[in-house]
Amino acid sequence: MATGVEHHEGTIQVHGQVLFFREARPGSGQARFSVLLLHGIRFSSETWQNLGTLQRLAQAGYRTVAIDLPGLGRSKEAAAPVPIGELVPGTFLAAVVDALELGPPVVISPSLSGMYSLPFLTAPGSQLRGYVPVAPICTDKISAASYANVKVPLCGKLRCPCQEQGRVYPQTFLIWGLGNQGVSSGRSWSLNFTLDLLCPNLCAAADTCPCPYPMALGRD
């Protein structure tokens with residue numbers, strides 16, 4: 001496990017837009033792999049920094065990058081490629097991964113960011129190491145056939161915060177709070193086509209479940 005952490009902030013050019021990012025990486029030794037943190041409509045990369053998720057994942061040996069999505073946070077001047085609630089072509093997030101030189105990452109995708117991450121997940125030949133959806137939007141806009149074709153490798157040691165001790169390395173798992181009425185009423189059940197394990201009972205968390213329970217997404 002890495003003892004020191006190096007932090008960095010910067011911008012990247014993606015499809016003609018300037019996007020801000022924050023990065024934390026192990027201070028010594030080779031990172032295990034990269035983790036890309038996305039965010040919801042009321043949040044930004046600063047949320048992950050304030051929660052300590054960037055720090056903890058880097059301490060655990062992962063290169064961790066949180067971006068501000070177009071029109072939000074410190075990417076506010078960047079134009080979103082499509083209206084909110086529509087699917088963004090998978091090439092957009094692929095370009096983000098390339099610009100940051102992440103290699104195949106694990107993507108953690110809450111809420112609004114589903115419009116960016118789901119097309120990337122389901123794109124033919126997608127270079128994802130793992131996918132952690134946290135009550136993402138737009139799950140109903142992806143066909144069953146597209147979900148069925150997803151082949152996501154194991155998520156390494158990003159552990160699921162559930163009680164099934166015998167299955168701590170799922171291919172893909174979905175987290176939502178019991179207070180998230182949109183998901184509990186069925187918004188994300190389409191993801192059953194790809195999920196290896198469902199973890200719905202994150203106490204009474206709403207759509208912002210990573211915020212009151214940050215350790216669930218930040219431990220090794």
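Helices α3 and α4 are roughly perpendicular to each other. This is a predicted model, so keep that in mind as you look around. Two packed helices are described by the angle between their axes and the distance between the axes. Here, α3 covers residues 90–100 and α4 covers residues 114–122, and they pack at an angle of about 90° with 7 Å between their axes. An angle from 65 to 115 degrees counts as roughly perpendicular, which is why this pair gets that label.

Which residues of α3 meet α4? On the α3 side you'll find G90, F92, L93, A94 and V97, and on the α4 side Y116, S117, P119 and F120. Sort the residues of this contact by type and you get 7 nonpolar, 2 polar and no charged.

## A closer look at α3

Now stay with α3 for a moment. Its buried residues are G90, F92, L93, A95, V96, V97 and L100. What do they pack against? The buried residues of α3 have β1 (5–14), β2, β3, β4 and α4 as their packing partners.

An α-helix has 3.6 residues a turn, so residues three or four places apart point the same way. Keep that in mind when you trace the helix on screen. Just past the end of α3 comes E101, and this residue takes a positive phi of about 55°.

## Two aromatic pairs

How many aromatic pairs does the structure hold? There are 2 of them. One is made by F33 and Y62, whose rings are tilted, with 4.8 Å from centre to centre and 55° between the planes. This pair links distant parts of the chain, 29 residues apart: F33 sits in the loop between β2 (17–26) and β3 (34–37), while Y62 sits in the loop between α2 (53–59) and β4 (63–67). Are F33 and Y62 buried or exposed? Both F33 and Y62 are buried.

F92 and Y116 make an aromatic pair too, also tilted, with centres 5.6 Å apart and planes at 50°. Since F92 belongs to helix α3 and Y116 to helix α4, the pair ties together parts that are 24 residues apart in sequence. F92 and Y116 are both buried.

Let's start with I108, which is part of strand β5 (residues 106–110). Its relative accessible area is 1%, and buried means under 20%, so I108 counts as buried. Along the chain, I108 and L38 are 70 residues apart, yet their C-alpha atoms are separated by 6.1 Å.

P105 is found in the loop between α3 and β5. Is P105 buried or exposed? P105 counts as buried, because its relative accessibility is 0%. If you skip residues up to four places away in sequence, P105 touches S34, L36, V97, Q127, L128, R129 and G130. From P105 to L37, the gap is 68 residues in sequence and 9.9 Å in space, C-alpha to C-alpha.

Last up is S44, in the loop between β3 and α1 (45–51). S44 has a relative accessible area of 11% and is buried. Which residues is S44 in contact with, leaving aside its neighbours within four places in sequence? They are H39, D68 and G73.

Notes
Residues numbered from 1 in each chain as written. Predicted model: local features only at pLDDT ≥ 70, side-chain atom pairs only at ≥ 80, totals over all residues. Heavy atoms only, no water. Axes fitted to C-alpha atoms, helices over the stretch in contact; angles between N-to-C directions. Helix = DSSP H or I, 4+ residues; strand = E, 2+ residues; numbered from the N terminus. Parallel < 35°, antiparallel > 145°, perpendicular 65-115°, else oblique. Contact = heavy atoms within 4.5 Å. Nonpolar A, V, L, I, M, F, W, Y, C, P; charged D, E, K, R; others polar. Phe/Tyr/Trp six-rings, centres within 6.5 Å; stacked < 30°, edge-to-face > 60°. Buried < 20%, exposed > 50% of the residue type's maximum accessible area, 1.4 Å probe, protein only.
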